[in-house]
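Student: I've got a model open and I'd like to learn how to read it. Can we go through it together?

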Amino acid sequence: MQEKELLIVTGASGGFGKAISKYFASLAAKEKSLYPILCCRNKDKVKELRDFISPIGLSCDDYAIFLTDFSSSALVDDLAYRIKSLNLPIRALVNNAGSMFASYQTNDEGIEMNMAVNFYGPARLSEMLADNMVQAAAIVNVVSLSRKYTDIETDFLKGNDKSYSRISAYSKSKLALSIFTTDMAERYPDIYVNGVDPGIMNTKMIKMDKWFDKLVDYLFRPFTLEPAQSLDAIQTAYQNNDKLKGYIFTRKKHYPMEDKIAKHPLKQLIQTTVCSSIK
Ligand SMILES: NC(=O)c1ccc[n+]([C@@H]2O[C@H](COP(=O)([O-])OP(=O)(O)OC[C@H]3O[C@@H](n4cnc5c(N)ncnc54)[C@H](OP(=O)(O)O)[C@@H]3O)[C@@H](O)[C@H]2O)c1
């Protein structure tokens, strides 16, 4: 078999994830050496995802769907080992899976759930797979504009059950992922590690399960982007013609990660938090 290079996307069954999956499938349809791995949480969504990308014309042998849940380090590790066991080099990893939790919750390790799913899991997966990446491979972390309007303290992994707010906890997790993006970009000179800020997209993510959802649907949702519109940011970050690292890519432009984030005082702590428990 011709040696394949992997294109991995997480959160593949979500609004943005489906658009990214279709993009990776279209690349693999053109270039037979590429092999998409679409990572989902829910096995009931696998058929829907297969149907969504089927117009591209790949057969089931031309890509794989792997299941995982980013709220559990053990499951993230299983995913990493499963990918490593393929013994195939990685061309791209898009850390797109993300969530926003209505109330304070922690996982088995005591990590606040926004932090677990949006920061710790993706950071851990990236670190575990870094050795399997080809030269000039892309790690693309889907972050959010909200990274700019928050800050984190040394106990950031635990969060705060007393003063919990979903937007604040979500923003902190995206800030942590953004800081880690710049840290990895510096530590891995042969890999391009960048962030994507997709803008406000019309997906499940902006549903709050509150009485005002209907109002939001009526007044706000029409002005949001369809996930396919934000795909440009992923495409430019993946192609990365200018060989940029530690940048933020949006639909229309790209720029270095804000200094406040790139030089964050907790950068070393964040690195240690992720790397110290990886065997
Ligand atoms: N929508 C926006 O306006 C917006 C703005 C800025 C950034 N983003 C970011 O864009 C990314 C994609 O979000 P989206 O807008 O496409 O929302 P979405 O439709 O809710 O998709 C989120 C995806 O992440 C998956 N996911 C959630 N929790 C997970 C877990 N514990 N383990 C594994 N997978 C999990 C979901 O799986 P299921 O399909 O099983 O639910 C889904 O596939 C996220 O990182 C989000 O933070 C979104």
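**Reading the model, feature by feature**

Tutor: Let's start with strand 6 (residues 191–196), which is mostly covered, with six of its six residues buried. This is a predicted model, where local features need pLDDT of at least 70, side-chain atom pairs count only at pLDDT 80 or more, and totals for chains, interfaces and linings use all residues. Residues are numbered from 1 along each chain as its sequence is written.

Student: What counts as buried, and what as a strand?

Tutor: A residue is buried if 20 or more other C-beta atoms, placed from the backbone, lie within 10 Å of its own, exposed if 12 or fewer, and partly exposed in between. Strands (E, at least two residues) and helices (H or I, at least four) are DSSP runs, numbered from the N terminus. In strand 6, Ile191, Val193 and Gly195 are buried on one side, and Tyr192, Asn194 and Val196 are buried on the other.

Student: Which strand pairs with strand 6 over six bridges?

Tutor: Two strands pair if DSSP finds at least two bridges between them. Here strand 5 (residues 133–142) pairs with strand 6 in the parallel sense. The chain gets from strand 5 to strand 6 through helix 5, and this β-α-β crossover is right-handed (with the strands pointing away from you, the path from the first strand over the helix to the second runs clockwise). Strand 6 also runs parallel to strand 7 (residues 247–249), joined by two bridges, and Gly195 sits opposite Ile248 in strand 7.

Student: Why is helix 5 largely enclosed?

Tutor: Count its buried residues: 17 of the 22 are buried, so the rest of the structure largely encloses helix 5. For its span, expect 1.5 Å times one less than the number of residues. Helix 5 (residues 166–187) reaches 32 Å from first C-alpha to last, close to the 32 Å expected.

Student: Which residues come nearest to the ligand?

Tutor: A residue is near a molecule if its C-beta atom, placed from the backbone, lies within 6 Å of it. Of the 27 residues around the ligand, Gly11, Gly14, Phe16, Gly98 and Thr203 come nearest. Helix 1 (residues 15–30) gives the most to that shell, three residues.

Student: Where is confidence lowest, and where highest?

Tutor: pLDDT is the predictor's confidence in each residue, from 0 to 100. The chain averages 95, and 98% of the residues score at least 70. Helix 6 (residues 213–219) is lowest at a mean of 71, while strand 1 (residues 5–10) is highest at 99.
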